[in-house]
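Here is a short briefing on one model. Look over the sequence and the fold, then read on.

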Amino acid sequence: MKHVTVLLAAPLAAGCSTSGTPSPAPSTSASPAGEPHRLVFDVTGTATITTLTCTIDGKTTEEKNVKLPWSRTFSFPSHTGKHVYDLVIKYTNGDVTATAEIDGQPWGSSRGSGEGPSTQSLNGDFSD
(Lines give C-alpha, C1' and ligand atoms only; values in the text may rest on other atoms or scores of the structure.)
Protein backbone atom coordinates (compact mmCIF):
# COMPACT_ATOMS: atom_id res chain seq x y z
CA MET A 1 0.00 0.00 0.00
CA LYS A 2 1.38 3.40 -0.93
CA HIS A 3 0.82 6.33 1.43
CA VAL A 4 1.33 9.92 0.38
CA THR A 5 1.13 12.57 3.06
CA VAL A 6 1.85 16.20 2.38
CA LEU A 7 1.36 18.81 5.07
CA LEU A 8 1.45 22.44 4.02
CA ALA A 9 -0.82 24.39 6.29
CA ALA A 10 0.72 27.84 6.61
CA PRO A 11 -0.38 30.74 4.46
CA LEU A 12 1.88 31.58 1.54
CA ALA A 13 3.09 34.74 3.25
CA ALA A 14 4.59 32.67 6.08
CA GLY A 15 6.36 30.25 3.75
CA CYS A 16 6.80 26.51 4.04
CA SER A 17 9.62 24.35 5.23
CA THR A 18 11.17 21.85 2.86
CA SER A 19 10.47 18.91 5.17
CA GLY A 20 6.71 19.03 4.61
CA THR A 21 6.08 20.27 8.14
CA PRO A 22 3.86 23.36 8.33
CA SER A 23 5.50 26.68 9.04
CA PRO A 24 4.02 28.61 11.94
CA ALA A 25 0.86 30.44 10.91
CA PRO A 26 0.34 34.05 11.94
CA SER A 27 -1.83 34.55 15.00
CA THR A 28 -4.54 36.43 13.10
CA SER A 29 -6.33 35.85 9.84
CA ALA A 30 -7.55 38.22 7.15
CA SER A 31 -11.27 38.32 8.05
CA PRO A 32 -12.67 41.83 8.48
CA ALA A 33 -13.64 42.71 12.06
CA GLY A 34 -16.86 40.97 13.05
CA GLU A 35 -17.17 38.95 9.82
CA PRO A 36 -17.26 35.15 10.13
CA HIS A 37 -14.20 33.26 8.96
CA ARG A 38 -14.59 30.86 6.04
CA LEU A 39 -12.61 27.67 5.52
CA VAL A 40 -13.01 26.21 2.01
CA PHE A 41 -11.72 22.79 0.96
CA ASP A 42 -11.47 21.89 -2.73
CA VAL A 43 -10.45 18.40 -3.90
CA THR A 44 -9.88 17.63 -7.59
CA GLY A 45 -8.22 14.90 -9.62
CA THR A 46 -8.70 11.65 -11.48
CA ALA A 47 -8.57 9.17 -8.60
CA THR A 48 -11.46 7.20 -7.18
CA ILE A 49 -12.07 8.53 -3.66
CA THR A 50 -13.02 5.67 -1.36
CA THR A 51 -13.22 7.69 1.89
CA LEU A 52 -12.92 11.38 2.68
CA THR A 53 -12.72 12.19 6.40
CA CYS A 54 -12.93 15.77 7.61
CA THR A 55 -12.24 16.69 11.24
CA ILE A 56 -12.77 20.29 12.34
CA ASP A 57 -12.29 21.31 15.95
CA GLY A 58 -12.62 17.67 16.99
CA LYS A 59 -15.85 16.96 15.07
CA THR A 60 -15.46 14.30 12.37
CA THR A 61 -17.55 13.63 9.29
CA GLU A 62 -16.88 10.90 6.75
CA GLU A 63 -18.03 10.50 3.17
CA LYS A 64 -17.61 7.36 1.09
CA ASN A 65 -17.31 6.96 -2.70
CA VAL A 66 -16.87 10.71 -3.26
CA LYS A 67 -17.12 12.03 -6.81
CA LEU A 68 -14.55 14.64 -7.82
CA PRO A 69 -14.49 17.59 -7.85
CA TRP A 70 -15.54 17.93 -4.19
CA SER A 71 -15.81 21.17 -2.20
CA ARG A 72 -17.02 22.14 1.28
CA THR A 73 -17.23 25.49 3.05
CA PHE A 74 -17.22 25.90 6.83
CA SER A 75 -17.98 29.16 8.68
CA PHE A 76 -16.61 30.19 12.07
CA PRO A 77 -17.83 33.19 14.09
CA SER A 78 -15.19 35.88 14.52
CA HIS A 79 -13.24 36.13 17.78
CA THR A 80 -13.63 32.44 18.65
CA GLY A 81 -9.92 31.62 18.96
CA LYS A 82 -8.03 28.76 17.38
CA HIS A 83 -9.62 26.33 14.91
CA VAL A 84 -7.95 23.08 13.80
CA TYR A 85 -8.72 21.06 10.65
CA ASP A 86 -7.67 17.73 9.18
CA LEU A 87 -8.78 16.35 5.81
CA VAL A 88 -7.79 12.72 5.09
CA ILE A 89 -8.38 11.35 1.59
CA LYS A 90 -8.19 7.63 0.84
CA TYR A 91 -8.20 6.86 -2.86
CA THR A 92 -7.16 4.45 -5.59
CA ASN A 93 -5.63 4.71 -9.05
CA GLY A 94 -5.09 8.32 -9.98
CA ASP A 95 -4.11 11.73 -8.73
CA VAL A 96 -5.65 14.00 -6.09
CA THR A 97 -5.07 17.67 -5.31
CA ALA A 98 -6.54 19.19 -2.14
CA THR A 99 -6.48 22.87 -1.21
CA ALA A 100 -7.59 24.89 1.80
CA GLU A 101 -8.43 28.60 1.83
CA ILE A 102 -9.10 30.75 4.86
CA ASP A 103 -11.09 33.92 4.13
CA GLY A 104 -10.20 33.66 0.44
CA GLN A 105 -6.45 33.30 1.05
CA PRO A 106 -4.48 30.13 0.17
CA TRP A 107 -3.74 28.31 3.43
CA GLY A 108 -2.43 24.92 2.37
CA SER A 109 -2.40 22.27 -0.31
CA SER A 110 -1.47 18.66 -0.87
CA ARG A 111 -1.05 16.60 -3.99
CA GLY A 112 -0.56 12.89 -4.50
CA SER A 113 -0.94 10.10 -6.99
CA GLY A 114 -0.69 6.38 -6.93
CA GLU A 115 -1.70 3.03 -8.27
CA GLY A 116 -3.71 0.97 -5.82
CA PRO A 117 -4.79 2.25 -2.41
CA SER A 118 -3.24 5.58 -1.34
CA THR A 119 -3.79 8.12 1.41
CA GLN A 120 -3.03 11.81 1.67
CA SER A 121 -3.96 14.48 4.18
CA LEU A 122 -4.21 18.22 4.51
CA ASN A 123 -4.25 19.76 7.97
CA GLY A 124 -3.61 22.99 9.77
CA ASP A 125 -5.11 25.64 11.99
CA PHE A 126 -5.92 29.32 12.19
CA SER A 127 -6.74 31.80 14.95
CA ASP A 128 -8.35 35.20 15.21
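Which residue in β4 does Asp42 stand opposite? The residue is Ser71. This is a predicted model, where local features need pLDDT of at least 70, side-chain atom pairs count only at pLDDT 80 or more, and totals for chains, interfaces and linings use all residues. Residues are numbered from 1 along each chain as its sequence is written, and side-chain values use heavy atoms, with hydrogens and water left out.

**Strand pairing**

- Strands (E, at least two residues) and helices (H or I, at least four) are DSSP runs, numbered from the N terminus.
- Two strands pair if DSSP finds at least two bridges between them.
- β1 pairs with β4 in the antiparallel sense, over seven bridges.
- β1 also pairs with β5, again antiparallel, over seven bridges.
- Val43 has Ala98 as its bridge partner in β5.
- β2 and β5 run antiparallel, with eight bridges.
- Thr48 stands opposite Thr92 of β5.
- β5 and β6 are joined by 20 bridges, in the antiparallel sense.
- Ile89 has Gln120 as its bridge partner in β6.
- In a regular strand, side chains alternate between the two faces of the sheet.

**Backbone exceptions**

- Most peptide bonds are trans, and most residues other than glycine have a negative phi.
- The peptide bond from Leu68 to Pro69 is cis, with omega near 0°.
- Pro69 sits in the loop between β3 (59–66) and β4 (70–76).
- Asn93, not a glycine, has a positive phi near 50°.
- Asn93 belongs to strand β5 (residues 82–102).
- Asp103 also has a positive phi, of about 50°, and is not a glycine.
- Asp103 is in the loop between β5 and β6 (105–127).
- That hairpin of β5 and β6 has two residues between the strands.
- Asp103 is buried, at 19% relative accessible area.
- Buried means under 20% relative accessible area, exposed means over 50%, and partly exposed lies in between (1.4 Å probe, protein chains only).

**Aromatic pairs**

- A pair of aromatic rings is described by the distance of the centres and the angle of the planes.
- Rings of Phe, Tyr and Trp (its six-membered ring) pair if their centres lie within 6.5 Å; planes under 30 degrees apart count as stacked, over 60 as edge-to-face and the rest as tilted.
- A search of the whole structure finds three such pairs.
- Phe41 and Tyr85 have ring centres 5.5 Å apart and planes at 70°, so the pair is edge-to-face.
- This pair links distant parts of the chain: Phe41 is in strand β1 (residues 37–45) and Tyr85 is in strand β5, 44 residues apart.
- Phe41 is buried at 0% relative accessible area, and Tyr85 is buried at 1%.
- Phe76 and Phe126 have ring centres 5.3 Å apart and planes at 80°, so this pair is edge-to-face.
- Phe76 lies in strand β4 and Phe126 in strand β6, so the pair ties together parts that are 50 residues apart in sequence.
- Phe76 counts as buried at 7% relative accessibility, and Phe126 is buried at 1%.
- One aromatic cluster is formed by Phe41, Phe74 and Tyr85.

**Nonpolar core**

- A nonpolar core is a set of buried Ala, Val, Leu, Ile, Met, Phe, Trp, Tyr and Cys residues joined through side-chain atoms within 4.5 Å.
- In soluble globular proteins, nonpolar side chains tend to be buried together.
- The largest nonpolar core has 22 residues; Leu39, Phe41, Val43, Leu52, Tyr85, Leu87 and Ile89 touch the most other members.
- At least two residues of this core come from each of β1, β2 (48–56), β4, β5 and β6.
- β5 gives the most, with eight residues.

- Ser110 is in strand β6.
- Ser110 counts as buried, at 2% relative accessibility.
- The side chains of Ser110 and Gln120 are joined by a polar contact of 2.9 Å.
- A polar contact is a pair of N or O atoms within 3.5 Å; within protein, one must be able to donate a hydrogen and the other to accept it, and residues adjacent in sequence count only if both atoms are side-chain atoms.
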